[in-house]
Amino acid sequence: MMEPDLSHAIPPPPPPSDPPPPLEALVVPVIDLSDHTQVKTLLPHALFEWGNFVIINHGIEVRDIKRLAAQLFELPGDVKRAMGVEENPHFFGYTAIGQATTEGTPDSREDFDFGNDLPCNWDAAQPPHLRYRPGPNQWPPDHLIPGFKSACKSYSDAMMKLGMRFMRWIADVLQGREIALEDNIGNTSDPLEILSDPLDSSLFERYFDHSAKSGGRIKFVRYPPADAEELHGVGSRQGVGPHRDLWLTFLLHANDQPGLEVQSRYGTWLQVPPIPDSFVVTVGQALESVTHGVLLATHHRAVTPLAGAPERLTIPYFMDLSGDVTLGMIKGGLKVGEEINQQLYEWARWRRWTDGQRRRAILAATAPPVESRDTESAKSTLAKEPAWLPLLSTTLRELHFRGMVSRRPHVGRKWYPEIANERNADEE
Ligand SMILES: O=C(O)CCC(=O)C(=O)O
Ligand SMILES: [Fe+2]
């Protein structure tokens, strides 16, 4: 096979001993999608070196969804509680402040989760990870927010198409082709057509099934400001703790307030500018894995606004993958990974090297106090392999499910009590 010419796309890897640049020199890239030259030159750089960047002039209509986000959080408390995520085994619905955690620490945010709206298929006789499947959403009452459901669906359709465009652009970059751009990016044809375009050799086709192609997950998030005393009680300004997403996320700032921070590959935390109507694009762990570490998955977190500052509203859209994809398919990655030329290989090798450093920096930055009891229990959990230690045949559905249960333990206890028992047994 002819080696692809990647000279236009791949920035030369810096030597591993490269010292970190000064903080002010690190700025999250902003890419204007209406400027084709910018896309062709900046996008590969943003994908490989950052894994996290901002896009503007993307062509997606965001006015309606931003207005709906504000309305959603103004719903009376009893209506929010009636939509509580604990009422729904698919983890769709409302999560109150402090009910979700990152790595065991409560997040100071409230949110609503919506996803593919499928008929109820709950089967109590199935084991937990098979009981967990997308099902019906919990929509807000139509007389309180008219048109919410259809607006959500239109937004999800538009985002899916944008996501599929990115899949093709990423395929272009990985295969050494110049990115092929169309005019009118936000208003494209059927996403199924985009994926099966013969040009991209169906690079990502096997990671998406019909359900994943018909819409991802939309989250509406509110970070309330907290005064110093409240923060003192919680001990942190954690809106959401450091984590990585799954595949590709597009985050919309619904009211233009700052708070999102991403970790640069040197371990430093950088603020992402809340440019009005922009999307923050974030590469997730599975996408990093299937590209053999050529694309970078970035840790990110949200910091609570301080008292006196406005609340912060965001709308992340998460692309979904087929639940049947296995860990083996993710770790094995794409065939192109074996075919990439020496230059790209060097880049990936360098990436893996810095990754180790990056992860150590993250651990150092987020480690709980040494004396904390949590550390002891974490140690004993690590010492014993949990019964569900992922195998290569483990499906994404199961991994996703485990993540959901660990972030929202109150929902797990209600609908999947076996899991809680299994965890206790692991920890004994
Ligand atoms: O709202 C934000 O700024 C970040 C949200 C996020 O990273 C997430 O929900 O995965
Ligand atoms: Fe995230």
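**Notebook: the sheet and the iron site**

I started at β1 in this predicted model: strand β1 pairs with strand β2 (residues 52-56) through three bridges, and the two run parallel.

**The whole sheet.** Next I traced the strand order. I read it as β1-β2-β12-β9-β14-β7-β6-β3, an open sheet of eight strands with mixed pairing. I noted β1 (30-32) and β3 (93-95) as the edge strands, each pairing on one side only. From one strand to the next, I have an average twist of 25°.

**Helices on the sheet.** Helix α2 (residues 63-73) touches β6 (110-114), β7 (217-223), β9 (248-253) and β14 (312-318), and its direction makes about 55° with that of β7. Helix α5 (residues 148-174) also packs on the sheet, and its contacts are with β2, β6, β7, β9, β12 (279-283) and β14. Against β9, I noted a direction of about 130° for α5.

**A closer look at β12.** I found antiparallel pairing on both sides: four bridges link β2 and β12, and five link β9 and β12.

Is β12 covered or open? I count it as mostly covered, with five of its five residues buried. Phe279, Val281 and Val283 are buried on one side, and Val280 and Thr282 on the other.

**The iron site.** Which residues hold the iron ion (ligand 2)? I found His243 (NE2), Asp245 (OD) and His300 (NE2), at 2.1 to 2.3 Å. Along the chain, these donors follow the spacing H-x1-D-x54-H. Histidine 243 lies in strand β8 (residues 238-243) and histidine 300 in strand β13 (residues 300-303), so this pair ties together parts 57 residues apart in sequence. I also noted that histidine 300 counts as buried, because its relative accessibility is 7%.

The model scores ipTM 0.99 and pTM 0.83. For the protein chain, the mean pLDDT is 78, with 71% of residues at 70 or more. I flagged residues 186-201, where pLDDT stays under 50, and residues 365-388, where it is below 50.

Methods. Residues are numbered from 1 along each chain as its sequence is written. Chains are lettered from A and ligands numbered from 1 in the order in which they are written. This is a predicted model: local features need pLDDT of at least 70, side-chain atom pairs count only at pLDDT 80 or more; totals for chains, interfaces and linings use all residues. Side-chain values use heavy atoms; hydrogens and water are left out. Donors are N, O and S atoms within 2.8 Å of the metal (3.2 Å for Na, K and Ca); water is not among the atoms, so sites may look incomplete. Buried means under 20% relative accessible area, exposed over 50%, partly exposed in between (1.4 Å probe, protein chains only). pLDDT is the predictor's confidence in each residue, from 0 to 100. Contact means heavy atoms within 4.5 Å. Two strands pair if DSSP finds at least two bridges between them. Axes are lines fitted to C-alpha atoms, for helices over the stretch in contact, and angles run from 0 to 180 degrees between N-to-C directions.
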